Amino acid sequence: MRFASLASGSSGNCLVAEADGTVVLVDCGLSLTETERRLERIGLAPSAIGGILVTHEHGDHADGVFSLAAAHGITVYLTHGTLAAMKADGKVLDGVHLAFVNGRQAFFVDGIQVLPFTVPHDAREPVQYVLSDGAAKLAVVTDVGIPTPHLEKNLSGLDALVLECNYDRDMLWGGAYPRWLKERIAGPFGHLDNADSERLLGALDRSRLKHVIGAHLSQQNNRPALARAALARAMGCAEEWIGLASPDGFDWRSL
Ligand SMILES: [Zn+2]
Ligand SMILES: [Zn+2]
């Protein structure tokens, strides 16, 4: 299995995973042209994509999903709640093939096994995904309010983890955001800060981890060096070993 990111953060998220000839995207928060341009950058044709897995309806994850799916005949995998919320926002296009995700049931997209799990976030029915090709397991986890035992259970024993490091607590509370927004971000249905992610990573079985990448960093409320240091402390490794997803994502990594 190998994976790359086309985008990460509040301006758009899109992760690509490939195993045994199957390609899946996790989220697509970029415009159609931008998605196509960035797919070309990593050497993939849109026609290679076997499915788009949607985590939740927020625009930075879902705004590009239906235009990409409609343009290239790709199946969209999502929960009933995510579909309902996207319909209410007028973001669903007719004629796109849908497959429904149950937050407790694993399924296959061709050669990739997908294990969805529910997460606390302020969306209708959010899930995150573990992807497996039978030999290695990868998870991308962003947009989670607080680390939960359920999250720890699902993330233990992974080979690669792309983990949200949304904000630094002092930068958020000392920053310019309005109070309601600070409370939303820091609340139990908001986002993981560097310290949350450090604690979560520290609680996992990390024995197989070959890649740890900080993701969904706030441009206003975080610094890459702070996120990297927090994850390195949890891993007990050199800071350079920790990867970071920029707003432009990151290039292929192999498992
Ligand atoms: Zn997000
Ligand atoms: Zn969100």
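Helices and strands here are DSSP runs, numbered from the N terminus. With that in hand, welcome to a predicted model, shown in a few close-up views.

**View 1. His216 sits in the loop between β12 and α9.** His216 is buried, because its relative accessible area is 3%, and buried means under 20%. Its side chain reaches the side chain of Asp143 in a polar contact of 3.2 Å. Beyond residues up to four places away in sequence, His216 touches a set of residues that includes Ser8, Asn13, Asp60, His61, Glu164, Cys165 and His191. Asn166 is also one of the residues touched by His216, and Asn166 comes back in the next view.

View 2. A polar atom of the Ser218 side chain lies 2.9 Å from the backbone nitrogen of Asn221. Once neighbours within four places in sequence are set aside, Ser218 is in contact with Asn166 and Tyr177.

**View 3. Four residues hold the zinc ion (ligand 2).** Which protein atoms are the donors? They are NE2 of His56, ND1 of His58, NE2 of His121 and OD of Asp143, lying 2.2 to 2.3 Å from the zinc ion (ligand 2). Why is the arrangement irregular? The 4 donor atoms subtend angles of 93 to 164 degrees around the zinc ion (ligand 2), whereas a tetrahedral site would need all angles between 85 and 135 degrees. Along the chain, the donors of this ion follow the spacing H-x1-H-x62-H-x21-D.

**View 4. Asp143 coordinates both the zinc ion (ligand 2) and the zinc ion (ligand 1).** The two ions are 3.8 Å apart. Distant parts of the chain are linked here: His58 belongs to the loop between β4 (49-53) and α2 (59-62), Asp143 to the loop between β10 (137-141) and α5 (149-155), and the two are 85 residues apart. Asp143 counts as buried, at 1% relative accessibility. Asp143 is also the partner of His216 in the polar contact of View 1.

View 5. Just after α3 comes Gly73, with a positive phi of about 65 degrees.

**View 6. The structure holds 2 aromatic pairs, and here is one of them.** Phe3 and Phe250 form an edge-to-face pair, at 5.9 Å centre to centre and with 85 degrees between the planes. The pair links strand β1 (residues 2-7), where Phe3 lies, with strand β14 (residues 250-254), where Phe250 lies, and the partners are 247 residues apart.

**View 7. Tyr77 and Phe107 form a stacked aromatic pair.** Their centres are 5.4 Å apart, with 10 degrees between the planes. Tyr77 is in strand β5 (residues 76-78) and Phe107 in strand β7 (residues 107-109), so the pair ties together parts that are 30 residues apart in sequence. Tyr77 is buried, with a relative accessible area of 12%, and Phe107 counts as buried at 16% relative accessibility.

Conventions: Residues numbered from 1 in each chain as written. Chains lettered and ligands numbered in written order. Predicted model: local features only at pLDDT ≥ 70, side-chain atom pairs only at ≥ 80, totals over all residues. Heavy atoms only, no water. Polar contact = N/O pair within 3.5 Å; in protein donor to acceptor, adjacent residues only side chain to side chain. Contact = heavy atoms within 4.5 Å. Donors = N, O, S within 2.8 Å, 3.2 Å for Na, K, Ca; no water. Tetrahedral: all angles 85-135°; square planar, octahedral: opposite > 155°, others 65-115°. Helix = DSSP H or I, 4+ residues; strand = E, 2+ residues; numbered from the N terminus. Buried < 20%, exposed > 50% of the residue type's maximum accessible area, 1.4 Å probe, protein only. Phe/Tyr/Trp six-rings, centres within 6.5 Å; stacked < 30°, edge-to-face > 60°.
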